[in-house]
Amino acid sequence: MGDILSIVSKRLGLGVVTLLVISIIIFGAVELLPGDIAQAVLGQGATEENLAAMREQLGLDRAAPIRYFEWLGNAVTGDFGRSLVSQQPVSEAISTRFANTLFLALYAAFIAVPVAIFLGVLVALYRNTVFDRVANVVTLTSISSPEFFLGYILILFLSVQTGYFPAIAKIDDGMSLIDKLDRTFLPALTMVLVVVAHMMRMTRASIINLLASPYVEMARLKGVPAWKVIVKHTLPNAWAPVINVVALNLAYLITGVVLVEVVFVYPGIGQLLVDAVTKRDFPVVQACCLIFAATFILLNLAADVGSILTNPRLRHPK
Amino acid sequence: MNYFIIGFYALLIGVSSLAAFYQKRTAFLLLFSLTLVSFIMGIVGGEAMLWSVTILAGLIAFSAGVSFSFREFLVILLPADLAKAMRTAPLTAGFGLFVIFTYAIAGIFAPIIAPYGEADVISSAFAPADENMLLGADQLGRDMFSRIIYGARNTVGLALLATILAFAMGATAGLYAATVGGKLDQLLGRVVDVIMSIPSLIFSLLLLSIFGTNTVTLIIVIAIIYAPRVFRLARSVGGNVVVMDYIEAAKLRGEGNWYLIRKEILPNSSAPLIAEFGLEFCFVFLLVAGLSFLGLGIQPPTADWGSMVRENATLISFGEITPLIPAAAIALLTVAVNFVVDWMLFMSSGLKEQ
């Protein structure tokens with residue numbers, strides 16, 4: 001067991017290093033601005049006094065490395081500075097919105113993961129039949145469609161024409177969970193459509209990969225029925241890739257949420273990021289990017305660690 | 001019960017019985033499950049639902065017919081070795097090639113095909129379709145149809161340029177790293193790891209917020225974000241080729257690195273790289289569409305599919321499908337490229353699932 005701990009901690013350490021490098025990129029990218037932040041925000045017509053005041057306020061007179069460490073130290077404790085546009089602390093705007101985004105992503109994941117694994121096993125069982133071909137074409141179409149296309153189709157059919165669900169997913173803290181789930185059903189469904197397609201294909205591929213193994217052949221020769229081969233012999237060995245698939249798609253959910261939030265006017269962090277980019281509100285952009293990147297890396301890490309833990313062969317590398 | 005409903009079910013049941021009689025297992029399964037599904041749909045949605053099933057089936061049959069004839073057309077036109085591969089291509093690949101061909105025609109001859117210019121205001125805002133405007137007008141009174149045709153040139157063109165640039169950078173660096181190995185290989189590998197660990201949409205938003213959104217920056221930013229994927233593939237494909245004996249022989253002949261890459265490694269790793277080009281194009285195309293949809297991609301008044309969806313989105317709340325057409329155009333091209341890539345991957349790997 002000592003081995004596995006060291007592998008996992010190595011992976012975690014690598015994740016922390018990656019995150020640090022990314023924080024440098026996010027911070028450094030803003031430093032690359034032609035001129036500096038003050039000039040970019042105030043524009044060509046700014047007077048010298050205004051520029052100086054803004055630089056003073058942002059502490060731009062100090063060297064970049066010092067400001068980087070300050071920024072990072074504050075970010076770790078949850079302080080991302082103040083928005084250039086509204087002058088509000090960034091963390092205030094972000095915290096509720098991030099919770100909303102997580103809520104939406106989890107909602108989608110709760111529907112998507114069981115459905116995708118079930119369907120993935122099903123098409124692996126009926127591979128190369130008509131159903132498999134149809135599933136292949138349908139999932140490919142769903143993957144290839146931009147999220148806003150799926151979103152607007154759902155709005156058109158399930159909201160405008162039939163009125164089953166609201167087209168705009170405005171939620172606030174006062175609402176009950178049922179209300180929230182109803183309001184956010186369409187954005188969640190949009191993401192479910194994309195993610196299920198991805199997960200289904202990957203689950204199918206990893207199960208079919210395993211079906212070529214000798215022990216599956218053995219089980220077949222024994223006369224084990226096809227579904228039992230999959231459920232008892234293949235699936236337990238497919239957990240590692242499947243966990244990987246799930247974690248990767250959750251990571252996708254967290255970032256793919258940006259477009260969906262804009263389509264449904266959902267008060268999440270993605271919309272905040274897009275607004276901040278249009279207004280060139282750099283502290284907000286930096287904070288949002290850092291949070292997205294951190295979540296993404298965390299979930300990728302979870303994928304790696306999960307597949308190490310479920311695979312005996314990875315636990316004892318040669 | 002009217003004649004349409006009776007005819008609908010009679011046809012489905014009749015044809016599926018025929019399929020069963022002639023032992024066409026696949027066709028029977030497909031038709032009979034369609035019959036069962038339309039029973040449920042008929043009960044839930046009534047005649048209107050059955051009409052949409054009929055129209056959908058007709059569309060699928062039509063596109064299957066088109067793909068079949070296009071495939072046969074290519075088989076006749078292409079030289080012998082390509083024609084042989086073409087003959088065994090699945091219908092989906094034929095369909096994909098046909099769609100790509102159509103888009104290419106639309107993009108190249110946009111000014112000739114489109115009745116109006118992309119920025120010409122010719123009518124009032126959101127004017128409905130009439131004999132002059134096939135699809136009505138957009139939010140400023142420009143012809144929707146012309147803008148969609150021009151979009152094929154602008155959106156696809158930009159995505160194609162970005163993909164080519166990403167590919168040139170990624171493939172060159174990847175093959176070079178595979179050939180040289182050592183410190184440089186390690187270093188590039190780490191850089192690529194870091195870039196790939198940032199979600200691409202987020203990274204492009206960050207970079208675009210800093211460098212602004214003009215076409216050239218857009219292309220460069222997207223190329224930088226997607227080059228690492230190509231690098232990884234080129235590195236691993238190249239790595240497999242580099243260990244071959246003929247590379248050793250070429251090295252002993254005293255050939256330089258660039259010769260090795262161009263004449264020995266590239267020809268032997270082109271198949272997976274070409275397939276990757278298609279996949280990469282899909283990713284880039286979706287990213288460009290997404291960015292334009294967010295208002296951060298191609299800037300107005302240039303016609304672009306992503307921003308057209310956003311600008312006309314209000315029409316959807318009136319039950320109009322016009323804003324969905326540019327979005328569908330994006331989806332259709334991506335699907336088409338994916339179909340072709342699927343087929344190419346299948347051919348190049350000789351991958352035969354059991």
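Helices here are DSSP runs of at least four residues, numbered from the N terminus.

**Figure 1. Chain A of the predicted model is built from helices.**
From the N terminus on, the elements of chain A run α-α-α-α-α-α-α-α-α-α-α-α-α-α. That gives 14 helices and 0 strands. The C-alpha atoms of chain A fill a box of roughly 85 × 60 × 35 Å along the principal axes. Of the 318 residues in chain A, 39% are buried. Take the contacts in chain A between residues at least 6 apart in sequence: 71% of them join residues at least 24 apart.

**Figure 2. Close-up of A:V242, a buried residue of chain A.**
A:V242 sits in helix α11 of chain A, which covers residues 226-264. Why does A:V242 count as buried? Because 24 C-beta neighbours lie inside 10 Å of A:V242; the cut-off for a buried residue is 20 or more. Set aside the neighbours within four places in sequence, and A:V242 is in contact with A:I117, A:T203 and A:S206. A:V242 and A:A303 are 61 residues apart in sequence, but their C-alpha atoms are 9.4 Å apart in space.

**Figure 3. Chain B, its helices and its two assigned domains.**
Chain B has 14 helices and 0 strands. Its elements, read from the N terminus on, run α-α-α-α-α-α-α-α-α-α-α-α-α-α. The C-alpha atoms of chain B fill a box of roughly 80 × 60 × 40 Å, taken along the principal axes. Chain B holds 354 residues, and 40% of them are buried. Among contacts in chain B with a separation of 6 or more, 65% come from residues 24 or more positions apart. The domain assignment divides chain B into domain 1 (3-66) and domain 2 (144-348). Over C-alpha atoms, the centres of domain 1 and domain 2 of chain B are separated by 40 Å.

Helix α2 of chain B spans residues 25-77 and has 53 residues. Its end C-alpha atoms are only 34 Å apart. A straight helix would reach 78 Å at 1.5 Å a residue. Buried residues in α2(B) include B:L31, B:S38, B:S67 and B:R71.

**Figure 4. Close-up of the side of chain B that touches chain A.**
In this interface, 41 residues of chain B are in contact with 45 residues of chain A. Which helices of chain B each supply at least two residues of this side? They are α2, α8 (200-211), α12 (270-293) and α14 (324-349). The residues on the chain B side divide into 29 nonpolar, 11 polar and 1 charged.

**Figure 5. Confidence of the prediction, for chain B and for the complex.**
Chain B averages a pLDDT of 84. In chain B, 98% of the residues score at least 70. Which elements of chain B have the lowest and the highest mean pLDDT? The lowest is α3(B), at 80, and the highest is α4(B), at 90. For the complex, the predictor gives an ipTM of 0.84 and a pTM of 0.86.

Methods
Residues numbered from 1 in each chain as written. Chains lettered and ligands numbered in written order. Predicted model: local features only at pLDDT ≥ 70, side-chain atom pairs only at ≥ 80, totals over all residues. Expected span 1.5 Å × (residues − 1). Buried ≥ 20, exposed ≤ 12 C-beta atoms within 10 Å, placed from the backbone. Contact = placed C-beta atoms within 7 Å. Nonpolar A, V, L, I, M, F, W, Y, C, P; charged D, E, K, R; others polar. Domains from an automatic or database assignment. pLDDT = per-residue confidence, 0-100.
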